[in-house]
Every structure is written in structure tokens, then in C-alpha cells.
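Trainee: Could you take me through one part of this structure in detail? Pick a single element and stay with it.

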Amino acid sequence: MSQKLSLRSIRKWPRWAIIPIGLGLAGLAIVLGLLLEPAAGALSPTMVAPTPTMPTIAYSGAQANGCQDCHFSLSTLQASAADPDAAETYLIEAESMVTPHGRLGCLACHSGDGEALDKETAHQGLMADMSAQEPDKCLICHEDLPDEIPGDRLKLPHGALVERIEQGQPCDVHCSDCHGGVGHGFDPLSGEKYCSMTVCLDCHQEKNLEIQMADCDACHLGPHDVATSLTCNDCHTSTEVWHEVGLGIHPVSLPGKHGETACFQCHQYPDFKGLNNVCTDCHESGHSDWGDHDCTQCHDPGGTWDMTASTWEGHIDHWDQYKGQHVNVACAGCHFETYDFDPNCSTCHQTPDNHADGRSEGDCVACHQADQPWVE
Amino acid sequence: MSEHHWGWLVAIYLFLGGMGAGSFIVAALVELSGERYKHKYCPTTMVGAGVSGPLILLGTVLLIFDLGAGLREPWRILNMFTNPQSVMTWGIWILSLFIPIAFLYGILEIMHVYPGILAGARKRLHFLPETLPYRNIKRIVCSVGIALALGTAIYTGVLLSVVRAVPLWASAILPALFLVSAISTGMGLCIDLAATLAIPDVHRRFKNLPLIHMVLIGLEMGLLALLLVTALNQGGEAARSAKLILTGDGSIAFWVLVIGFGMLYPFMVHVYAFARHSHGYVSGILSGVGIIIAGLFVRYIIVAAAIPVVV
């Protein structure tokens, strides 16, 4: 009877009430689960806890509070260190424990005893660098390592190293050589650099590896197809910043500010084939009615912007008398109105008295050439 | 259980994600099949449409909370949209598309049941129409949403199955199990629990409902058995994980809460309902509770029983 009463009252609820009821029931199920699980666990037969052979998968937080007691405090480290001045080397920033590797806990990489109360016991079996001593443990998570990172234009030796590690062969290069910062502060998601090229070069030189500084192609995926005419060093002068380019050579001189302009401001990326820009893309032409986009036909880009008409060898193609003394006349000496103004001889030269018979009628070149004595 | 690599937070996220997706699927199927329109009021679509969005959203918030870094620097989540090689990127795209769709479906369903909402809105927003073609709009929303809901339910399993370091998880059975469990818990919440509370004889409306329930529960039991038997045969850490569930720390939760209360009891209730074309009000509700509890604990014991590989 009471059930019928309660059913009737439920059916009087507004229809929308079913939504919060549904959500509430879902929440209740979760609460019930949280309450029941400890009880169920307590009643369950207790198995011998499986040895956490690789606690690196435990994302629940740092597993070695004992390590933090000393390594988070400089004063504590100094108090226990053989050389107090070197204690800072072993100081761990607390923030590093919330990075992806930090969350694995100290013991995951360094072993030792995180619960020990004294330094000697805590450090028993300690591994300063797991990647050097037990590199196969790094591969549990980092199995699919790229051989190339196109975004950074890098070739990497990952594949060969992983193969050696998996086969149990010794490696001269360890993960920590390049990625040493990952455990203590470095966060791959922040996009910081893994290591600078100087680190690579120093290591290659130190170990006298086959690949040395000059073998750019061994490590870098260059975007430019210029191998027949250029080497990387011709332009890329920095081993730290790839985009820092020092212009080593250029087929034509690039005087003034042109020498400071980025390559692909003028050239087409990535193979330098063709030009992106002509003069007037950057420079404003002073005369819209004259000349073309190649200002260097008249102007010297290395000097002042003032014209040197005599440098325009092409002028002779436009006027066959651009020779003799004419080449020494400034441009404006003839084109003193506009560059469209087309002077003739009488613009500058008076008709001699002995030509009063009108023999030339302004067409002096019928008898005279500018580069020959006038009297003839 | 002794080794909590991922704990309750992840289990609850997987559960809420699955149940939210399952609720949407159940409601959308009732909508698309036209069952919703055979009666004056359909509590199944009301609760399914109404709870799916909030459940998925809550689960996603829990996941971000669990990740830790997401709380300190929430903008990092944007990085996850751009790595198509990561299953998490697939998931975040699916969730980002599904959550608004689920909320839209909920709003449309409420507006459909309460036409006064639109009329009230029109008093302030005169450009609004007098009515909307709710059924047509919901048909589109449900069709798109079902695909995303299936993706969400499967993703909750794929998320674990790609972790190769944990052999128990690294199985294609897991996504299938979580999908079936998602639909089962969706039915448990929308029909057995909420709808039965609103209309005690709601189960009579769906002729084949007990059969569908039985198939889903049977399928879930079969997939769970397959997962555990495969793990036992595989040996090593996979077998140790399976033993942890079957005879170890998780055994009471597994046998009593998952198999007994969460699967066998609802299965028997629906066998009875199938044979007698009816079942009791209380047994229906308890069946729903059992299915939901099973959905939660299936995920929890699988998450908690993870033992990583020995190197």
C-alpha cells in the first residue's frame, strides 16, 4: 500500500525532475561504489602483492618521500654532504616532481630505498643515470622513437640505439646525453629544446665519432637543394640557432642594407631558384614613367642613390648616339623635363651658321656621329 | 587492490563517459525508432537526453583534474588537439564534438516536452518562431550524436588498450567490452532506474526490452570472460592481473558486485520479465542499480588490476 502511495507521489513530480533524479542516481552509484570497494577489498583474500617491477607506470605521485626530505632542502643536503659546496648539485626543485617524469617518482629511475631513514641505506643500489646503466627501462615508455623530426629538420640515431639496447649490446650514447634534463624540470610539453648542437658536437669530438662538424647532412634534414653550389656552412654560421644566418658568399655583391636582408626576402624558398622580389617591391620608384623594375640599370645599389648615367650600358640600345661626350652628361642634362621627354640635337646644340642653308634640318646624325670629331 | 596505477578518478571518468554515451545512444534509438511518439510522455528520452551531456562533461573535468598539468596550465589541452598519432587527440576531438551535441539534444528534448519555454523566450526575443520542427531537428542531432556517442564509448576502452606496458589492458577486447557496458549502463540508468521511477510499468512499452537487456548483459559477461581468460592464457603480468581480479584483492568486488549483483541478478530479472512479460517494480529498480554498479566496478577493477610488464 505504501508503495502505491509513493508511486503516486512520484508520478506527480514534474517531468523534468527525471533528469536530476537520473544524475543523482548516477552520483549515488559512484558513492556506493566508493563505499563498497574498501569493504569488498577487506573481505577479499589477500594475495602477495605483486612486486612493482617497474613502478614507472604509477602516475599516482612521487613514491619516495624520503628522497624529498633531503633533496628538496639545500641546508639538509649541505649538512650531510661530504663536500657542502657541491651540495647544490644534488638539490631538486620541488616543481620538477610534477613534470611527467617527476611524477614517476625518484625510485623509478634512480632505485635506492625511498623509505630508509639514513643516507647510506637510502642510497644502496642507487643509479645516478638509469639510461646509462639500465637503458632498457627507458624503452618501456619510449619505444617508438623517431629517426627524424621534420619540424626541427633533424635526423636522429634513435633507431640504431634502440636496436642496440634491445639486443643488450653496449651503447656509447645514453638517453641522458641529449635528454638529461627530462627528469628534473624539463617538461617536453613546454616545447623547450632538448639540447643544443654544441652538446652534440662536443660529444662527437670527445668520443671521436665518425660524424663530425662538417657532416651537416648526417644530422640535419636541409630544406635547400643547393648541394652542388653551396655547403651549409656558407650561410649557417651558428651551431646554436639554425635561423641565425651569416651570409658567407653571394654570386653578386650585396652592398649596403642588402647584405643584411634575410635570404628569402629576395629569393624563393627553399631552393633559391628565382627571386621573390624586384627592386620596386621594396623601393619606391622616383619616376613612374621611366625605366623598369631593375633599378640597377641606372642606379648603383652600393653607392648613393644618385644616378650615374654612364653606368647604364643599355642606353645605347635606346639611342645610338649615346657615345662620345654624351656619356658624360648627367641624365637630367638631357631628360630635364621628364624621362619621356625625348630631346633631339637642337635641344642642346645650336645649328652652326654654315648650316643656314637648312641642310640638316635638325637631323645632325645624317652627317655627324657623337663619338667622331664634329668638324668632319 | 594493492596496485593503483590509475585510481578511482580515472575509473569514474571512464564510467561517466561510458554511461553518458550509453544514455545518449538509448535515448537516440528510442527517438529515431519513433517509440518516443507512441506515448504522451517518454521518460527514457527525457532522462537519456538530459543526463548524457552533464555526465560526459563531468567525466571530462575529472580527467583534466587527474592529469594535474591541466589544472596548472589548462591551455596545454590545446596541444592535445594537434597530435593525430595520439589516441588522446582522437578522444579530445570526439568529446569536444559530442559534449555540445549531447547538451543540444537535452535542451531540444526539454523544449519539446515544455513548449512554454519557447513561448516564454519569444516574449523577449521576438524573432524566435512560434514553434520548432523538434522531431526533424532531433532526428539530425541524434543521427550525428549516435556516431559520436559510439566513438566516446569505444574511446574509453581504447584509452586503456593502447597502454602496451600493461598487458591486461593491451587488448582489443577492452574497447568492445566498454562499448557494450556503456550501452548496458545507459539502459540501466534511463530505463530500469529513472524511467521506472517515473512510470512504474514503463518496461511494458518496449516489447523486446528484456531480450535486449539479456543480450547486452550476456555479451558483457562473455567479453569480460574472454578478457580474463585471454589474460590467464597469456601468462606473465596479464595473468597476474587476471588472478588479482578473480582470486585476489579484487575478487569480492568482482564476484559479488559485478558478476552477482551487476550481471546475474539483472539477467535473471529480465529472463523472468521475458517469460512473464512483466517484472516487479522493485526488482526492476534493483536491476538498474546492479547494472550501473557493475558498469562502475568493471572499469575500476580493470584499472586497479593493472600490473606493468617486467623488464
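Mentor: Helices here are DSSP runs of H or I with at least four residues, strands are E runs of at least two, and both are numbered from the N terminus. On that count, chain A has 18 helices and two strands. This is a predicted model. The predictor gives the complex an ipTM of 0.78 and a pTM of 0.56.

Within chain B, confidence is highest in helix α6 (residues 134–161), at 93. It is lowest in helix α3 (residues 69–72), at a mean of 64.

Now take helix α8 of chain B, residues 209–234. It has 26 residues. From first C-alpha to last it reaches 37 Å, close to the 38 Å expected at 1.5 Å a residue.

Next, its buried side. The cut-off is 20 or more other C-beta atoms within 10 Å of a residue's own. The buried residues of α8(B) are B:Pro210, B:His213, B:Leu216, B:Ile217, B:Glu220, B:Leu223, B:Leu224, B:Leu227, B:Leu228 and B:Ala231. Look at the numbering. An α-helix has 3.6 residues a turn, so residues three or four places apart point the same way.

What do these buried residues of α8(B) pack against? Four helices of chain B: α7 (173–198), α9 (236–246), α10 (251–276) and α11 (281–304).

Finally, the end of the helix. B:Gly235 follows α8(B), and its phi is positive, near 80 degrees.

Notes. Residues are numbered from 1 along each chain as its sequence is written. Chains are lettered from A and ligands numbered from 1 in the order in which they are written. This is a predicted model: local features need pLDDT of at least 70, side-chain atom pairs count only at pLDDT 80 or more; totals for chains, interfaces and linings use all residues. The expected span of a helix is 1.5 Å times one less than its number of residues. A residue is buried if 20 or more other C-beta atoms lie within 10 Å of its own, exposed if 12 or fewer, and partly exposed in between; C-beta atoms are placed from the backbone. Two residues are in contact if their C-beta atoms, placed from the backbone, lie within 7 Å. pLDDT is the predictor's confidence in each residue, from 0 to 100.
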